[in-house]
Amino acid sequence: MGDNPTRARRTARRNARPNMPPLTHTHKKPSPTGKPRRYWWMRWWRRQNPIAQDRFAMLGPLVAVLLFVLVMLSAFGYLRVEESEREMEAVTRDVEYAQQRLRLRLLERQEQLMRVARQITNHEIEEEEFIFQAENLISQYPELLSITWLDEHRVVKAMHASPSANESSMRKTGDLLAPGDTDGTYDLARDLRQPIYSSPQHATGNGATLFVQIPLSDAARFSGVVMGEYSIDGLLRFGVPAEVMARYAVALLDDRQNLLAGMVPAASGRRLGGLLWAGRDIQQEVPVSPVGNSLMLRAQGYRTSQDMVGGGFMWLIGALSAITLWMLLGTWRHTRRRIQAQQALVAETNFRRAMENSMLTGMRALDMQGRISYVNPAFCSMTGWTESELVGRTAPFPYWPEEDRENLAMRLEDELNGRSNPGGFEVRVRRRNGQVFDARMYVSPLIDPNGVQTGWMTSMTDITEPRRIRQELTASYERFTTVLESLDSAVSVVPLGGDELLFANKLYRMWFGMDGLGHRKLVDMSGVPPVQSTDDSDQVDELAGLPTDPLTDARPENAEVFVDELSKWLEVRSRYVTWVDGRLAQMVIATDITARRRAEQLAAEQAERAQTASRLITMGEMASSVAHELNQPLTAISNYCNGMVSRLQKKQINEEDLLWALEKTARQAQRAGQIVQRIKAFVKRSEPNPTPSEAATMVANALELADIELRRQQVRLTHYVAARLPLLMVDPILIEQVLINLLKNGAESILQAKRPVAQRQIELKVLPRKINALEVIEFSVRDSGKGVPDELLERIYEAFYSTKSEGMGIGLKLCRSIIESHHGRIQVENLYNGNEISGCVFSFWIPVVSQLKPAAFPS
């Protein structure tokens, strides 16, 4: 205290006053001799051990601080251990309580389900009463998702499900449950004749579920089960007490520690090992009975700020100890550093005033009470107010807008309290003429030469125009960057005649890096002729001055290429753009189409196999009719040959009759050969080959095969093909397959309708039409069968779905695939006679060859 200059000056002034007793700073009682009182052992120690005294002066406080730290660490450690044990006991107690509540809830639901099972066994209730009771149970207990009555064959007799149940819980009466659907609990319940709980089942929608199987016995014979399905999340929410859920992070897990319901708090981060205050996680885990070890209940205490508080105290103690040691060392070494700043106050002030007056940034000074003490000319120019009108003014200032005064007053209060943002803030400022502009202000303390703060200095800049430009640029850049970076295509821009990469999005950088070689490679592979770069050192665009509108307005070039380095198929699209600096550049967009190419290849292979199989099935179904059709010319050939042999043996035939018989035989053999060749061409497996084809030829070839089957079934076939039809770019075999399939389906529908022979007719028409400005040819097959039920019109094209008992359900699916692969459409429409269906019309159309290119069809 004796080194304090202020106190020393005050003491000197007091001692200089007359009639004032001298003021001393000793707090010890003076000795009788007038000398400072000192104990004899201290004087002896200083005389005998001066060096040891200095060491003791340093080591004494150091040892005291270390002992203090050690004692505090021990105390905190002991308290933390005690607290952890109490927390663990509380968690164990609460978890066991929650487990008992869950167990009681499960047993109550089990007893209620067993009561329903006994009523079923005693034949007291039927399906409707069972559904009524199940609905009541599910509405009363939200954890129940569904209750199902299964017979001894796993067939659903009745069930009711909660509206919140997922699709897997929805079962229809008569459905057969697979053994895997019940996790084997159905068999255990049948064998043990007691309630059996399943292990948790993971499902989508409502999360994990749990099954309980209540066996049914009819005269000591197993007659099925009553199966209840629980929502594990519902068990947690409605079975665990709310006070336990509030205190702990409660979760239900399976035997593999997978989370089924609830929450597991995130790890609090890596703790400093070995610190006494670093508490361990407080958690307890018990199995839920009667389910068993497959369902575990875990509760983990929420980590509060206890560790931070304990750690903070320990760090505070350590910091204070370090500061104490540092001060002791500083005192021991007797070192002081004094900063002396010599400033030429007048010169510095004049220089700063001149600098502030020449600035374009407005400057304003406030004193500690918020009164304006200084403004520079730039500030006056911005606001329109003179210095004399502003200096001395207090809030509200005249340049504050009326609608912003409350907000500006709050900002001024923050400035005066030192809570201003070092990065500045934006405000609106009103000029004297009433105009309002945006400004940015920066506030800093105003320090005098003595280091005392005397106010606040504020600098103001007009940011109206920069703000508008910055907002527009920022919004444009963010939209541009967000769109291009999130594209699933690689985008790159390279100037014509150079390899400089002007732009590349994230996917391009990931595939090709940060150079333009990948761009150039894609351009070369796609077949787009690039402009060769020159070696001119002046970097002048050789295309400067030339018109670029035809290039930039041109449609982009598309190509599909395979990149070996990426093992990917890419769809490359390129076009020319004018870059921001005026140069003509080439933009390339490469999209990964590997999955599409593979899917198209696989679909083509599967469609080809399915089409071939369908043709073989069709010919197999028509085998008897084809055999009968072949038998007629073969029988005629045999008869002609036998007749000629007989007449030749009797020498009763002349040359003219023999020639006539041979011509008849040749025509019948040619007819049989045409039938065989038509069948062979129809069932032969070949690659799809779209060629310009005539509709009349395809219809004739299809009728040649289909008419055999129709005549056998006594179905009359009429057809009409319009004259001068344009060509179709199709595979004729596939179109013939569609026609044969539709004709055969019509004949089968007529037979199923059991129409009289006079009403058995099929009409085939081929007419030109115009659909959405597209020239097409429409094929329609009209029969007099029983049609297609209205509820099945949307399902007849599904794979493996058939309205015929012996059908395979692939015919119409293949027909639709074939027509759509030729860019056509197929549709069906019932014909009505009053309210009764009198027939059906299947029609499809295909674009003519003049509307589409051959390359547009799959090959």
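User: In this predicted model, which elements each supply at least two residues of the lining of the largest cavity?

Analyst: The model is a prediction, and the structure holds one cavity of 30 Å³ or more. The lining includes L408, R411, L412 and E415, as well as F425 and V427. The elements that each supply at least two lining residues are α12 (405-416) and β12 (425-430).

User: Which element gives the most to the lining of the largest cavity?

Analyst: Among the lining residues are R364, Y399, W400 and M441. Two elements, α12 and β12, each supply at least two residues. The largest contribution, four residues, comes from α12.

User: What volume does the largest cavity have?

Analyst: Rolling a probe the size of a water molecule over the atoms shows where empty space is left. One cavity in the structure reaches 30 Å³ or more. The volume of the largest cavity is about 80 Å³.

User: Does T591 count as buried or exposed?

Analyst: T591 is found in strand β19 (residues 584-592). Its relative accessibility is 14%. Buried means under 20% relative accessible area, so at 14% T591 counts as buried.

User: Which residue has a side chain joined to that of T591 by a polar contact?

Analyst: Not counting residues up to four places away in sequence, T591 touches S489, W569, L570, E571 and R573. A polar contact of 3.3 Å joins the side chain of T591 to that of R573.

User: Which residue of β24 stands opposite E763?

Analyst: On the β21 side, six bridges join β21 (residues 716-721) to β23 (residues 761-771) in parallel, and T718 stands opposite E763. On the β24 side, β23 pairs with β24 (residues 774-783) in the antiparallel sense over 10 bridges. There, the residue opposite E763 is R782.

User: Which residue in the turn between β23 and β24 has a positive phi?

Analyst: β23 and β24 are antiparallel and form a hairpin with two residues between them. The turn residue with a positive phi, about 55°, is N772.

Key
Residues are numbered from 1 along each chain as its sequence is written. This is a predicted model: local features need pLDDT of at least 70, side-chain atom pairs count only at pLDDT 80 or more; totals for chains, interfaces and linings use all residues. Side-chain values use heavy atoms; hydrogens and water are left out. On a 1 Å grid over the protein atoms alone, a cavity is a set of points where a 1.4 Å probe fits but cannot get out, and a pocket is an open set with protein on both sides within 12 Å along at least five of seven lines; lining residues have an atom within 4 Å of a point. Grid points are joined across faces, edges and corners, and a volume is the space filled by probe spheres set on the points. Buried means under 20% relative accessible area, exposed over 50%, partly exposed in between (1.4 Å probe, protein chains only). A polar contact is a pair of N or O atoms within 3.5 Å; within protein, one must be able to donate a hydrogen and the other to accept it, and residues adjacent in sequence count only if both atoms are side-chain atoms. Contact means heavy atoms within 4.5 Å. Two strands pair if DSSP finds at least two bridges between them.
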